[in-house]
Amino acid sequence: MTTLLKPLRRIAAYAVCADSSGRVLLVRASERSGTPGTWSLPGGAVDHGEDPNHTVVRETAAETGLSVAVSGLADVLADMRALPDRGITIHTDRLIYRVAVRGGTLADRVGERPTDLARWYTLDEARELPLRSFTARALGLPASSADVVPDEAPEFPSFYAVPGPDGLHRAQRFAAYAVCTDPAGRVLLTRISDGYPGAGCWHLPGGGTDYGEQPGAALIRELIEETGQAGRLVELLGVASHRDAASLGPEGYPIDWHGVRAFYRVVVDQPNPLTVADVGGSTCEARWFGREELGALPTDRLTEVTAEAVQAAQLT
């Protein structure tokens with residue numbers, strides 16, 4: 001029964017890399033990995049405080065011998081994978097980047113973990129390989145059965161801090177946020193409650209995703225909970241990575257936070273009266289802002305991810 005496995009969670013970044021012939025770069029999981037013999041995109045776990053853009057460059061070089069440059073964000077997705085032999089279930093939030101080779105020489109890693117081979121394959125050739133599910137999806141190929149999916153999502157806390165090497169507790173959290181507009185072009189923001197990091201600042205609606213939850217579904221859920229609005233997901237705009245190395249929140253002790261946040265363009269076609277359902281939580285107010293009003297807000301009144309996302313959406 002996979003429901004008895006210990007739940008873990010991580011954030012990872014991967015590269016979709018094609019050569020001039022249209023072949024894609026794939027790596028094989030070694031015998032020392034959790035899924036030996038399967039093929040996937042090069043990439044791996046985002047270290048605490050690391051920008052995922054840097055992760056994908058670092059991991060691709062380590063697994064293939066090639067130096068790559070990131071050209072854009074292709075997709076963000078989540079999946080659960082059961083590893084009964086190790087007694088764990090892993091939820092991974094995966095950031096898929098488009099990259100191009102800028103140097104290096106393709107090399108294998110025989111005897112290493114977690115991958116041992118790196119190869120270029122046409123899509124027809126890749127279709128015949130035992131692909132990890134996220135890799136098949138990223139390449140637009142039929143879903144693979146190479147991963148064992150848990151029977152159901154296990155219980156896992158939305159907040160999970162562990163002692164770090166510097167003595168501070170640290171937490172890495174994946175979240176999804178909305179750059180949300182209505183038919184009049186107004187932008188919806190929420191204000192952070194007292195007692196939470198960034199108290200008083202205006203923030204994008206959204207929040208941390210649950211274990212087993214896709215980021216888009218989490219965003220629509222959070223939008224209703226925080227503002228009472230039913231939104232329509234339009235497009236992925238980007239991913240922000242921010243670290244607050246000694247943030248004091250309701251936990252009562254400093255935490256080294258690393259937030260990785262996907263932000264999406266969302267449209268509310270028929271605005272409802274604004275309501276905050278989670279009374280006493282991190283959101284105390286929701287409000288629509290006109291474009292000029294939004295542009296007039298001082299920078300220190302906006303959270304980092306809000307300023308970055310508003311700029312990416314070209315709203316000011």
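## Ground rules

Contact here means heavy atoms within 4.5 Å. This is a predicted model, where local features need pLDDT of at least 70 and side-chain atom pairs count only at pLDDT 80 or more, while totals for chains, interfaces and linings use all residues. Residues are numbered from 1 along each chain as its sequence is written, and side-chain values use heavy atoms, with hydrogens and water left out.

## D93 and its surroundings

Leaving aside residues up to four places away in sequence, D93 touches R9, R10, I11, A12, L77, A78, F174 and T209. D93 sits in strand β6, which covers residues 88-104. Helices (H or I, at least four residues) and strands (E, at least two) are DSSP runs, numbered from the N terminus.

Is D93 buried or exposed? D93 is buried, as its relative accessible area is 0%; the cut-offs are under 20% for buried, over 50% for exposed and partly exposed in between, with a 1.4 Å probe and protein chains only.

Strand β6 belongs to an open sheet of 4 strands, ordered β4-β1-β6-β5, with mixed pairing. Its edge strands are β4 (43-45) and β5 (66-83), each pairing on one side only. From one strand to the next, the twist averages 20°. Two strands count as paired if DSSP finds at least two bridges between them.

Within this sheet, β1 (residues 6-17) runs parallel to β6, with 12 bridges between them.

## Two domains

The protein splits into domain 1 (6-139) and domain 2 (170-313), with bounds that come from an automatic or database domain assignment. Their C-alpha centres lie 29 Å apart. Domain 1 puts 24 residues into the contact and domain 2 puts in 23 residues.

About 1,700 Å² is buried between domain 1 and domain 2, and carbon and sulfur atoms give 63% of that area. Buried area is the accessible area (1.4 Å probe) that two parts lose on being put together, summed over both.

## The G185 turn and β10

G185 is in the loop between β9 (169-181) and β10 (187-192). These strands form a hairpin with 5 residues between them, and G185 in the turn has a positive phi of about 85°. G185 is buried, with a relative accessible area of 16%. The C-alpha atoms of G185 and F289 are 8.9 Å apart, although 104 residues separate the two along the chain.

What does β10 pair with? It runs antiparallel to β9, joined by 2 bridges, with C180 opposite L188. β10 also pairs antiparallel with β15 (residues 283-289) over 6 bridges, where L188 stands opposite W288. A further antiparallel pairing, over 2 bridges, links β10 to β11 (residues 202-203), and there T190 faces H203. As for cover, 5 of the 6 residues in β10 are buried.

Key:
Axes fitted to C-alpha atoms, helices over the stretch in contact; angles between N-to-C directions.
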